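Subject: Structure handover

Hi there,

Here is the structure I promised to pass on to you.

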Amino acid sequence: MRLFEYEAKEVFAKNGIPIPKGGVATTPAEAEGVYGDLGSVVVKSQVLVGGRGKAGGIKFADTPAELKESVAALLGFEIRGFKVGSVLIEEKLDIEKELYVGVTVERSQGKAVVLASGKGGIDIEELARNYPDQIVKELIDVRRGLRPYEAADILRRAGVSGKALNRAAGILVKLYDIFWAYDAEVTEINPLVVTKDGSLVAADAKMNIDDEAVGRHPEVRQEDSFLTELEKEARTHNLGYVEMGGTIGVIGNGAGLNMTTLDILRYYGGEPANFLEVSGRTYMKAEEAIQIVLKNPNVKAIFGNFFGSISRCDVIAKGLAEAIKKGKVTKPMVVSMRGNGAEEGKKILRALDVPIYENDQIAGEKVVELAKRG
Ligand code: GDP
Ligand code: MN
């Protein structure tokens, strides 16, 4: 779950990282209250995408009148598909230098990775493309964490020196500690501003918490307002369900198999209505899964594609059979099954007249045809 900039900044500030003075507003009247006696301010759209500066989502104001104008222009403005519902108003910093610091997960190594650059203010993607030699990258053993001297060494190699070096190192250690303590996937400050008077301030803040760990952190927003109603309902059953725009309901065990299933459907001219994974701890929940899928009124047919491993096909088949017997499968369903428990699973479903295949391309073609017939 990605936090808004103002939410990430709250977390950063609570953990000792300096942030600019200011506050968030959702109406021009609120903005006036936040503005108070800040003087020159920056007005920043609060949306869950980066690159707001370039997209016109960041404005400056020196007077209450200018503030009013900026806030009115930004509220309701759309940035790459995201509507601006609130703005963050902050004292304008006098920038001497912009640094980049970030922490993320290096899955392939089972480690964290700290990134730093003396060339902040540019997106890390763009930085990596155009100035790869100006990013310092250091893998961190999460059992050990990041020590202050290591942080200082990373920043020194990134070209930071003088008084700023120790201050930046202190901030980087805190950023790493937040990353770890909050089960984050990313914590990032870009830019970490060195002001003309030598202080360091997090001018921007990005933070992404692992969806599965959000519940461990009651102090952050719990409700993800970007989920659809069905996605929220699926979560109460621990089902990984993503709603999509098409007409074919998809259930599969494993994210990779589901992705392939979506490709197969598109190859044969069909469009998936969702992505739903029943595997690991949820493979015995086929009945719940099918009910969620069928709650989407656009679904014309269902494709169940399973490869039995620990999540056995016969257990999944039993769940589907339950749903059929209870009269809950109200649309045509095609199933493809291979692997562990497939033979038993096929028997169970064949007895209920479910068209069943071993080849998921043939099954996919069939289900696309059924969905088109409507
Ligand atoms: P992003 O474009 O979504 O990453 O938004 P940022 O918060 O990083 O702002 C983009 C750029 O706006 C920064 O890199 C700065 O150059 C500029 N900016 C942001 N806040 C301030 C500020 O307080 N003072 C000044 N002078 N520039 C700022
Ligand atoms: Mn930024």
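In which loop does Asp 353 lie? Asp 353 belongs to the loop between α11 (342-350) and β18 (356-357). Please keep in mind that this is a predicted model.

Asp 183 is not a glycine either, yet its phi is positive at about 55°. You will find Asp 183 in the loop between α6 (163-181) and β10. Strand β10 itself then holds Pro 191, and the peptide bond joining Asn 190 and Pro 191 is cis, with an omega of about 5°. As background, most residues other than glycine have a negative phi, and most peptide bonds are trans.

Now to the ligand, which I expect you will want to open next. Ligand 1 sits in the largest pocket. Its shell draws on both domain 1 (21-91) and domain 2 (95-216), so ligand 1 lies between them. In total, 17 residues surround the ligand, and the closest are Lys 44, Arg 52, Gly 53, Leu 93 and Glu 98. Sorted by class, the shell consists of 6 nonpolar, 5 polar and 6 charged residues.

Several strands take part as well. At least two shell residues come from each of β2 (41-45), β3 (58-61), β7 (95-106) and β10 (184-195). That brings us back to β10, the strand in which Pro 191 is found.

- Lys 44: an N or O atom of the side chain is 2.6 Å from an oxygen atom of ligand 1.
- Arg 52: a side-chain N or O atom lies 2.7 Å from an oxygen atom of ligand 1.
- Asp 204: a polar side-chain atom is 3.1 Å from an oxygen atom of ligand 1.

How much of its accessible area does the protein cover on ligand 1? On its own, ligand 1 has 560 Å² of accessible area, and the protein covers 82% of that.

That is what I have for now. Happy browsing, and do write back with any questions!

Best wishes

Key:
Residues numbered from 1 in each chain as written. Chains lettered and ligands numbered in written order. Predicted model: local features only at pLDDT ≥ 70, side-chain atom pairs only at ≥ 80, totals over all residues. Heavy atoms only, no water. Near = heavy atom within 4 Å. Polar contact = N/O pair within 3.5 Å; in protein donor to acceptor, adjacent residues only side chain to side chain. Areas by Shrake-Rupley, 256 points an atom, 1.4 Å probe, with all protein chains shown as cover. 1 Å grid on protein atoms, 1.4 Å probe; cavity = no way out; pocket = protein on both sides within 12 Å on 5 of 7 lines; lining within 4 Å. Sits in = over half its atoms within 2 Å of the grid points. Helix = DSSP H or I, 4+ residues; strand = E, 2+ residues; numbered from the N terminus. Nonpolar A, V, L, I, M, F, W, Y, C, P; charged D, E, K, R; others polar. Domains from an automatic or database assignment.
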